[in-house]
Amino acid sequence: MTVPRPFHAVSPARQAYAEILAWAADTIGFLGRTAWPVADLFIRVQIAKQTILPGLLLAADRNTALTLAGHEYPVPWLEPGTEALLGIVLQIGGGISLLLGLGARIGGLAVLVLGIMTQVYYLRLDANLFLIIFGAGYVLRGPGPLSLDHFLVHGVAQSPLPIAAPIARLFERTRSFCSALYAFGLRVWLMLGLLVAGGLLQVGLGDAAGPLSAWVPAASAAAMFGGSAVFLAFPLGLGLVTRLVAVAALCAAGYSEMMVPSASLSTYWTLALALLLALGPGRMSLDAALSNALKRRFPQLDGKPAFSLDGLPHVVIIGAGFGGIACARALRHAPVRVTVIDRHNYHLFQPLLYQVATAVLSPGDIAVPIRSILRGQFNAQVLLGNVTDVDIRERRVVMDGRSVPYDYLVVATGAAHSYFGRDDWAPYAPGLKRVDDATSMRRRLLETFERAEVAGSEAERLLNFVIVGGGPTGVELAGAIAELARFGMEKDFRNFDPSVANILLVQAAPRILPTFPEVLSRRAQQSLEQIGVKVLVNSRVQEIDADGVIIDGIRVDSKSVLWAAGVTASPAARWLKAEADNAGRVKVTETLAVPNIPNVFAIGDTAASNGWAGKPVPGLAPAAKQGGAYVARLITARVLGAPEPRPFVYHHRGSLATIGRKAAVADFGTIKVSGAFAWWLWGVVHLLFLVGGRNRLAVLLNWSWSYFSFRASTRLITGTSGEA
């Protein structure tokens, strides 16, 4: 058997430099995707605040509007009545248009005209100038993603209206150039305002600087930045390290605001600088020129292949869970070919799978196609297939009648349900590991309530729900079922009360959540009991059949027995003919390598590692991700012939489990939290761990709906109906 030779086409130093630059590019890209929509929304809200309310006040008092138009700010070429009406229309129409992001270019034009007229014929204020510059931005580039225009543009482009499609195509084709033009204009405008504020422009232009100062934000720049205005001006104008300068300017503005509060001035400057921070300086800048030069030297910064894939070592990753995806993404800059094999075409966020089972979320909210995750990674491909064996002698992965050769193999196949030798219980007590498991469990739960509606006196027997296993999954499942019965459906049925459901959580150990500190286990049990869950500790399940379960010799009739008691590893140990622990996990070395099999690694629930200060690494998502990233670093080092990283060490950030509304527990070692704060923290952490902005937004919206309405949003019975 041959061992892959180190690949020397890319030096370790150049590789490290490229990875740093790629990380910076990824960070900037992420900033643009996430900060720009928020900055755009804040700008539109600020403009609406400054325009809609004054417009409504004038519309409600026509005499005042006419008086102001005729005496306070008369426009020589307009009649007072026409001027008053035009001003009201521009204020209300432009403000509402921008607030909704509907017809935002027209709304931006209205605000632009309003700002110019106010600046020329009334008071010369920096606030008017910011309205002008922001309005011009919406005319040129349109609104951001959090707008109705963004959601409607594709439909409008395909509508039968005669001019809709050409206009939509025109805006789309000119967006890039107009955005660059606007960014250039915004930078130069801010630079001129800072130079006038610092007195430098007056020295150079003399009297000619006077008229210019009326159209740049010099007064607010002097108030906000003082003597530092000149130092900020040239980098902004030239577009040199623009984002860093914007951050420095924001800090200076914040300090000035603390010293001399001026809410309106600081708000406008903050929004303008946030715009540059989110979108960058545009193509007409030194930053863009520098970026283009770096992209020519490092093509991967532009999403192009940085090297030829021909002849490169082949890394095969079996499993697209947390560990497999983390490993694949960490190899995106390494000179290797990556193949990810999974029997499903999606990456599943398993920690929230129980919420699919209890009708809080839909499967699409927590699952992302694997190809969409890796579509921007030129050295990665995805294969859909079921792995049946690994030929370690020939270094081939056997799947669906074909084989895939590998130079490095990463096994990240996760775990399956373990019934502790009683696999005959599986049809009557389903577990929760796959999307199909969750939708089947949801169907089973909802069908139980539907059957209780027509069961008459038998309803009470049907409403026994038994969850076997008091770990995090069991606790979260029990709490979610209790909330579904007591809050989600309390008014939906006529012949019985769903809140009388009898929910049993059975735990063989002396307490639930045994991996948490005892004080948190006790609080979790109290929270469960407060919402009606009966917790049975030191209780063993002796039998499960179609009619129910026997617990310590006592039969409980139930058609809804759910399994959350244990897991067993995948058949990876059998494929590799490697030593396994009692749970079937492959015993690995301190580098997560499978002993005596060169360049084969196991991570996540597949591996039995003692990398947690000599203790077994827990089967948690962070552990799998850390293991995947570590193996990627190790493979990269071997391919480049660089020094290998130190042995794998798992860094435990904490454990969280939720019980129900405003009830959760969190263990961070010395810090232990429970109650509402832990519940909010649990939600934030899970949102951050989700893959994809669309999934985060969908989950956040569904959670918000459930929180405020006390309703489960996806109570759909789908799939083949069977016994509930």
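Aspartate 365 lies in helix 17, which covers residues 363-366 of this predicted model. With a relative accessibility of 3%, aspartate 365 falls under the 20% limit and therefore counts as buried. Which residues surround it, once neighbours within four places in sequence are set aside? Aspartate 365 is then in contact with Leu690, Arg694, Asn695, Ala698, Val699 and Asn702.

The cysteines may be considered next. A disulfide is a covalent bond between the sulfur atoms of two cysteines. How many disulfides does the structure hold? The number is zero. Among the cysteines, cysteine 178 has a relative accessible area of 14% and is therefore buried. Cysteine 327 has a relative accessibility of 0%, so cysteine 327 counts as buried too.

Backbone geometry directs attention to two further residues. Leucine 513 has a phi near 45°, a positive value in a residue other than glycine. Where does leucine 513 sit? Its place is the loop that runs between strand 12 (502-506) and helix 22 (518-530). Because its relative accessibility is 0%, leucine 513 counts as buried within that loop.

Asparagine 599 likewise is not a glycine, and its phi is positive, at about 60°. The loop between strand 19 (586-587) and strand 20 (600-602) contains asparagine 599. Is asparagine 599 buried or exposed? At 9% relative accessibility, it lies under the 20% limit, so asparagine 599 counts as buried.

Methods. Residues are numbered from 1 along each chain as its sequence is written. This is a predicted model: local features need pLDDT of at least 70, side-chain atom pairs count only at pLDDT 80 or more; totals for chains, interfaces and linings use all residues. Side-chain values use heavy atoms; hydrogens and water are left out. Helices (H or I, at least four residues) and strands (E, at least two) are DSSP runs, numbered from the N terminus. Buried means under 20% relative accessible area, exposed over 50%, partly exposed in between (1.4 Å probe, protein chains only). Contact means heavy atoms within 4.5 Å. A disulfide is a pair of cysteine sulfur atoms within 2.5 Å.
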